[in-house]
Amino acid sequence: MTTTAAPFGLRPSMHGSGGVIRPSRHVIDAGYSTALYKGSPVIVHTDGNINLAAANSGRVDGVFVGCEYTDATGKRNVSPYWPGTAGATNIVAWVYDDPNLIFEVQASATLAIATRGGGYGVAASPGSGSTLTGVSTASLDAATAGTGTKQLMIVDIAAGEDNAWGDTYPIVRVKLGNSIFAAALTAI
C-alpha cells in the first residue's frame, strides 16, 4: 500500500509502441537560473531552450533527465540536475520527449480506477528536488481532474504489489497529454 508521499518526478516506464526509451538532446540558456531535477516536467520555450513546466497549466513537452555543462572554472560537469549555475557554457540538456513514452509518477492523493483516461496537472512546485540525489519531487496533482486537454493523462496503475487504486498516494502510469511533439490528448 502506498501510504507515504515520496514523489520522484516522472520516470519513464515503457515505450507505448515497443520502441527504445532514449533521451533527446536539447539546450538550456546560460542565463536560466531555475533548477531542473531528474524527473522534472519541462517545456521547449519559444526561444528553443528548455524551461520548467508550470504547475497545472499549459503543456509538458518532456521530462528532464540530466545535463552536461562547462562551469565558470572550465570544468565539464555531468549532472542529474541543472543547478542554475551562473557562468556555465556549452549546456546540453537530456530530455525524454518521445510522445509514445509512458511515465510513472506518484499522485498527491488517492485515485480510483475510474480515473483511467482522465487528465490531470502537475502538482505545485514541479521544480523542487534533491541536490544530493538530483531527483525531482514533482507529482501528479490528484485535485486537478478534468476532461479536455490536460498536462498528463492516466493510462493505468503502475505495477507493484504495494500499489493499488485507492491507496493514499498511488503511483500511476501517464502519458504527456499536451506536448508540442504530438497532438494533444483529450481526457475522458
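1. Asp167 sits in the loop that links β13 and β14; strands here are DSSP runs of E with at least two residues, helices are runs of H or I with at least four residues, and both are numbered from the N terminus. Asp167 counts as buried because its relative accessible area is 5%, where buried means under 20%, exposed over 50% and partly exposed in between, with a 1.4 Å probe and protein chains only. The C-alpha atoms of Asp167 and Thr110 lie 5.6 Å apart, although 57 residues separate the two in sequence.

2. The model is predicted: local features require pLDDT of at least 70 and side-chain atom pairs pLDDT 80 or more, whereas totals for chains, interfaces and linings use all residues. Residues are numbered from 1 along each chain as its sequence is written, and side-chain values rest on heavy atoms, without hydrogens and water.

3. The chain has 14 strands and zero helices. Its radius of gyration is 16 Å, which agrees with the value near 16 Å for a compact globule of 188 residues; the radius is taken over C-alpha atoms, and the globule rule is 2.2 Å times the number of residues to the power 0.38. Along the principal axes, the C-alpha atoms fill a box of roughly 50 × 35 × 30 Å.

4. Of the 188 residues, 47% are buried. Among contacts with a separation of 6 or more, 67% are between residues 24 or more positions apart, a contact being heavy atoms within 4.5 Å.

5. In soluble globular proteins, nonpolar side chains tend to be buried together. The largest nonpolar core of this chain holds 23 residues, and Phe103, Leu111, Leu140, Val172 and Val174 touch the most other members. Such a core is a set of buried Ala, Val, Leu, Ile, Met, Phe, Trp, Tyr and Cys residues joined through side-chain atoms within 4.5 Å. Two or more residues come from each of β6 (62-70), β10 (101-106), β11 (119-122), β12 (140-146), β13 (152-157) and β14 (171-176). A second, separate core has 14 residues, including Ile28, Val44, Trp82 and Ala93.

6. Leu111 deserves a separate look. Beyond its neighbours within four places in sequence, Leu111 is in contact with Tyr120, Leu140, Ala142, Ile154, Trp165, Gly166, Asp167, Pro170 and Val172.

7. Two residues may be read together around β12. Ser139, in the loop between β11 and β12, is buried at 12% relative accessibility. Leaving out neighbours within four places in sequence, Ser139 contacts Pro7, Val105, Gln106, Ser108, Gly121, Val122 and Ala123. Gly146, in strand β12, is partly exposed at 24% relative accessibility. Not counting residues up to four places away, Gly146 touches Gly118, Gly119 and Ala187.

8. Most residues other than glycine have a negative phi. Asn56, in the loop between β5 (50-52) and β6, has a positive phi near 50° and is partly exposed at 35% relative accessibility. Asn90 also has a positive phi near 50°; Asn90 lies in strand β9 (residues 89-96) and is exposed at 56% relative accessibility.
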